[in-house]
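Here is a colleague's note to read beside the structure. Please keep the chain in view while going through the points.

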Amino acid sequence: MINYAKHDEEFHGIFKLVSGEEILAKAVMTEDRGESLIFMSEPVSVLPITKDVGEQKILRGMGFSKWIPMSDEEFFILREKDIMTMATMSRPVKLMYDAYIIGEDAHGKQMKGYLGNTKDIRALLEKLYKK
């Protein structure tokens, strides 16, 4: 059982799986029969980005991709034995993650144009910054 993290509270987590995958997701940890289970929603994989931008200059960064792109599932369950380690997202990574999630529609396609009204976006940003 994972006993160094709070159970039954949502958090933005980074999970390194025994398979080597690194996943970012909103998650809730719970216990079932002595084993910790992680319920993840909107999981994404981290993609390293490298681009040559000129002579002896390389642009490096990271991007996100839907973890299981062919699935319509809203959440996934990870078992304790499948997790090598986990941590909470840093504030800058959480902001990038949330911006990526807001920018996708229900079919996983990037939304163009209207993403919401100013009042709703402001409330979301204030919620993110106050935590």
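1. Which side chain meets that of Lys26 in a salt bridge? Lys26 pairs with Glu42, at 3.3 Å from N to O, where a salt bridge means a side-chain nitrogen of Lys or Arg within 4 Å of a carboxyl oxygen of Asp or Glu. Because Lys26 belongs to strand E2 and Glu42 to strand E3, the pair ties together parts 16 residues apart in sequence; strands here are DSSP runs of at least two residues, numbered from the N terminus.

2. This is a predicted model, in which local features need pLDDT of at least 70 and side-chain atom pairs count only at pLDDT 80 or more, while totals for chains, interfaces and linings use all residues. Residues are numbered from 1 along each chain as its sequence is written, and side-chain values use heavy atoms, with hydrogens and water left out.

3. The count of salt bridges comes to two. Glu35 and Arg79 also meet in one, at 3.4 Å from N to O. Glu35 lies in strand E3 and Arg79 in strand E5, so this pair ties together parts that are 44 residues apart in sequence.

4. The largest nonpolar core has 14 residues, of which Phe15, Ile38, Met40 and Leu78 touch the most other members. Such a core is a set of buried Ala, Val, Leu, Ile, Met, Phe, Trp, Tyr and Cys residues joined through side-chain atoms within 4.5 Å, and buried means under 20% relative accessible area (1.4 Å probe, protein chains only). Strand E2 gives this core its largest share, four residues. Apart from it lies another core, of eight residues, among them Val44 and Tyr97.

How values were computed: Buried means under 20% relative accessible area, exposed over 50%, partly exposed in between (1.4 Å probe, protein chains only).
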